Amino acid sequence: MSVLQQALHDGTFACIMEFVPKPSAARFDTFQRLMAGNRLCGWPMLAAVADRVGGRLDLSPLDTVASFDPPIPSLVHFSGKDREPHDLLAQLARMDAAGLRQLLVLTGDRLPGHEPGRHPVRYLESVAALQLVRQARPDWLLGAALNPFKYHEEEGGAQYFKAHKKLAAGADFLTLQLGFDADKHLEAQTWMARQPSPKPLLACVMGLTLGRAKMLEHVAGVVLTPSMRAVLEAEDAVSKAYAQTRSVERLAIQIVGLKLMGYAGIHLSGIHDAPQLAALDRQLTLALDALTTREQWAEAWQASWRMPDLPAVTFHPPGAHWRLGERRVSASSGERWRYRLLSGLHDQVFLPERLVGRMAGWAVGRPVWKTATGAQWLHRLERGLKRPVVGCDTCGSCRLHDTLYVCPETCPKGLANGPCGGTQLNRCEFGDRECVHGVKYRIAVSTGQTAVLTDRLIPCVEVEGRQRSSWPGWFG
């Protein structure tokens, strides 16, 4: 077994240390020294090699792992941004050659330079990627991500709906995205405990200073509230050294709390050298001795966020504090009408057991549509009919019946199985629209169709099939 697989099997708390590969020998040397002990506070430690954080030109995780000398136990990432299934399958082959059998599968945040309205960038989303890997490598250890730090019902509910799919697609564990709200950490753990076959959860953590907070403001999906920032500013005003000490103390307390909550380990970011790791190790030792109950921990966590003359910190955005299980939203009358109209039209025209469906199937199966000119005209007809209604981009494999007639192509990343983690108060990561998966969520809960969004695993669209009519394939 790998280090991580053994830890998850034994129930041993584990530390995964994130490494963002940049072409710098000094960066690699520093990380090698950081990982030399392979332990944090006695817990097993391994590297998590990130993929395409900065863009396409980052060193690949596999090239990074091959550069470690001596070797470091590693969990490599696969980010699906601007990638197709053949890219993933090629990575699996290279992993086999390197003896690597564990993978964290991510859709990936917004690729630098990707702007809506320009040439589309396709993202191989995590659910479809998990299906591909699980089918190709049934005995590998596979992980995926979950972002529970959502404070509008649509975005939060849609996150958990997609997490259902990730488990069904083959995820052996889930790693939470970076967050500081302990209530949301508990929420995710409670959700997982209620699943038919619960899987381990790991939490992404990072020591927080004012400088880090300014950087994280540009990271999609990370929530930093005004009251949190006020504390960080007050700490920084005392001195940089004071702020750094408080950051390490707070990080140690958070990690102990996650362990008490039942998390299987942490995904640790922001530790860049051995002295920083040693300082965290010392604080963890103190915190583990002092905080042995959840009550003790909760008091210490709140105290770590107090500064004189400042109000108590809140970890949810002002005016937004949704929690899992709360049902408040409903689809508008227009959304309901549109869903019923399109659903009824689909049942009449596209089900082969209906007379109209049989006639439509016969019509699009005529030999004329198999010619180059005929296929082009059929493509234009489908696009012309559907684009004004649903925003169709003729992906060649229509999935509207699996997405409550909200076209996945209207998501800038083209995601069909659910949202990415980058939404903010149900606004798309790109900032120019409401998240389309939030619309799907409203329709699902208002029409009793939530199973559509939790149970139907939608495969990826092959690039070769795009820009052609989906009708022959549907009726074929």
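Trainee: By about how many helical turns are W297 and W301 separated in helix 12 (residues 294-303)?

Mentor: W297 and W301 are four residues apart in helix 12, and are therefore separated by about one helical turn. Helices are DSSP runs of H or I with at least four residues, and strands are E runs of at least two, numbered from the N terminus. The model is predicted: local features need pLDDT of at least 70, side-chain atom pairs count only at pLDDT 80 or more, and totals for chains, interfaces and linings use all residues. Residues are numbered from 1 along each chain as its sequence is written, and side-chain values use heavy atoms, leaving out hydrogens and water.

The whole structure holds 15 aromatic pairs. In one of them, the ring centres of F161 and Y441 lie 5.4 Å apart with planes at 40°, so this pair is tilted. Because F161 belongs to helix 6 (residues 153-169) and Y441 to helix 16, the pair ties together parts 280 residues apart in sequence. F161 is buried at 12% relative accessibility, and Y441 is buried at 2%. The rings of W297 and W301 have centres 6.0 Å apart and planes at 15°, so they are stacked. Both W297 and W301 are buried. Elsewhere, ring pairs join F19, F28, F31 and F68 into a cluster.

As to the terms, rings of Phe, Tyr and Trp (its six-membered ring) pair if their centres lie within 6.5 Å; planes under 30 degrees apart count as stacked, over 60 as edge-to-face and the rest as tilted. Buried means under 20% relative accessible area, exposed over 50%, and partly exposed in between, with a 1.4 Å probe and protein chains only.
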